Amino acid sequence: MSNSFITNKNKYLSDIINGILPKTNAVDFLVGYFYCSGYKQLSDQLKDKHVRILVGLDIDIKMTTSLFKSDVQERNDKELVNAVAKIKALLKSNILPKDYLCDLITVIKADALSGYEIHTINQLTLKDAASLPQKITPEYIARIVSSQNKVDDGEETLIMSEELQ
C-alpha cells in the first residue's frame, strides 16, 4: 500500500487510479468531495473491488443510489420477495394465525427483519411451519409494527445506515 498522495498537478488523478486498479482487489479513497462525474470515470474498474470511501466535506446526492445499489441489494430484494411468497403460501394452508402472518408480511415488505430471519422464513417447509412463531415471535413482530406506525405518524425518527460490501 502506498502512502503517497495523488493530485491533478502533474497527471490526472483518474489516469493514475485506473492504472492501479487492475493490480488490486481493494481500494480505499480519502476525498474532500465526491461527485458523479469523477466516479463515472472509475466505475467500470471498481465493480469487482472492495471499495471504501471516506468523504470529508460533500457528496453528490445522486451518488447514493448508485453506491448503495448492488448485486447484494438485488439478491436481498429477491430474498424478501421469496419470503413474502412463502408466507402467502402459509396463509393458504391455515397452519398459523392469519393476523400473525399478515403482520409478518408487513414487516418483510418494510425490510424490517434481519437477513437471518428472512433466511429462516425462506428455509421453512410446511412440515415445520408451526415452529415459526417460536423463531420469530408474535410479540417481536408486534413491536416492529408498532414502531413502524410511530415512525409513519411522525412520533419517532428512523435512522438507517448501510455498509458497503
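**Reading cores, charges and confidence**

Trainee: Which residues does Ile108 touch, not counting residues up to four places away in sequence?

Mentor: A contact means heavy atoms within 4.5 Å, and with that cut-off Ile108 touches Leu80, Ala83, Val84, Ile87, Leu113, Ile118 and Ile121, leaving out residues up to four places away in sequence. This is a predicted model, in which local features need pLDDT of at least 70 and side-chain atom pairs count only at pLDDT 80 or more, while totals for chains, interfaces and linings use all residues. Residues are numbered from 1 along each chain as its sequence is written, and side-chain values use heavy atoms, with hydrogens and water left out.

Trainee: How should I read a nonpolar core, and which residues touch the most other members of the largest one?

Mentor: In soluble globular proteins, nonpolar side chains tend to be buried together. A nonpolar core is a set of buried Ala, Val, Leu, Ile, Met, Phe, Trp, Tyr and Cys residues joined through side-chain atoms within 4.5 Å, where buried means under 20% relative accessible area, exposed over 50%, and partly exposed in between (1.4 Å probe, protein chains only). The largest core here has 22 residues, of which Ile87, Leu104, Ile108, Leu113, Ile121 and Leu132 touch the most other members. Two or more residues come from each of α4 (71-93), α5 (98-109), α6 and α8 (138-152), and α5 gives the most, with six residues. A second, separate core has eight residues, including Ile17, Phe29, Tyr39 and Val51.

Trainee: How many helices and strands does the chain have?

Mentor: Helices (H or I, at least four residues) and strands (E, at least two) are DSSP runs, numbered from the N terminus. The chain has eight helices and two strands, following the pattern α-β-α-β-α-α-α-α-α-α along the sequence.

Trainee: Where does Leu96 lie, and what is it in contact with?

Mentor: Leu96 sits in the loop between α4 and α5, and it counts as buried because its relative accessibility is 11%. Apart from neighbours within four places in sequence, Leu96 is in contact with Leu90, Leu101, Ala129, Ala130, Leu132 and Pro133. The C-alpha atoms of Leu96 and Ala129 are 7.7 Å apart, although these residues are separated by 33 residues along the chain.

Trainee: How many salt bridges are found in the whole structure?

Mentor: Side chains of opposite charge can pair when their charged atoms come close. A salt bridge is a side-chain nitrogen of Lys or Arg within 4 Å of a carboxyl oxygen of Asp or Glu, and the whole structure has two. One joins Arg52 and Asp28 (2.9 Å, N to O); Arg52 lies in strand β2 (residues 50-59) and Asp28 in strand β1 (residues 26-34), so the pair ties together parts 24 residues apart in sequence. Asp44 also forms a salt bridge with Lys47, with the closest N and O atoms 3.7 Å apart, and both Asp44 and Lys47 are exposed.

Trainee: Which element of the chain has the lowest mean pLDDT, and which the highest?

Mentor: pLDDT is the predictor's confidence in each residue, from 0 to 100, and where pLDDT is low, the predicted coordinates should not be read in detail. Helix α3 (residues 63-68) has the lowest mean pLDDT among the elements (57), and helix α7 (residues 132-135) the highest (94). Over residues 156-165 the pLDDT is below 50, and this stretch has nine contacts in the model beyond near neighbours in sequence. For the chain, the mean pLDDT is 78, with 73% of its residues reaching 70 or more.
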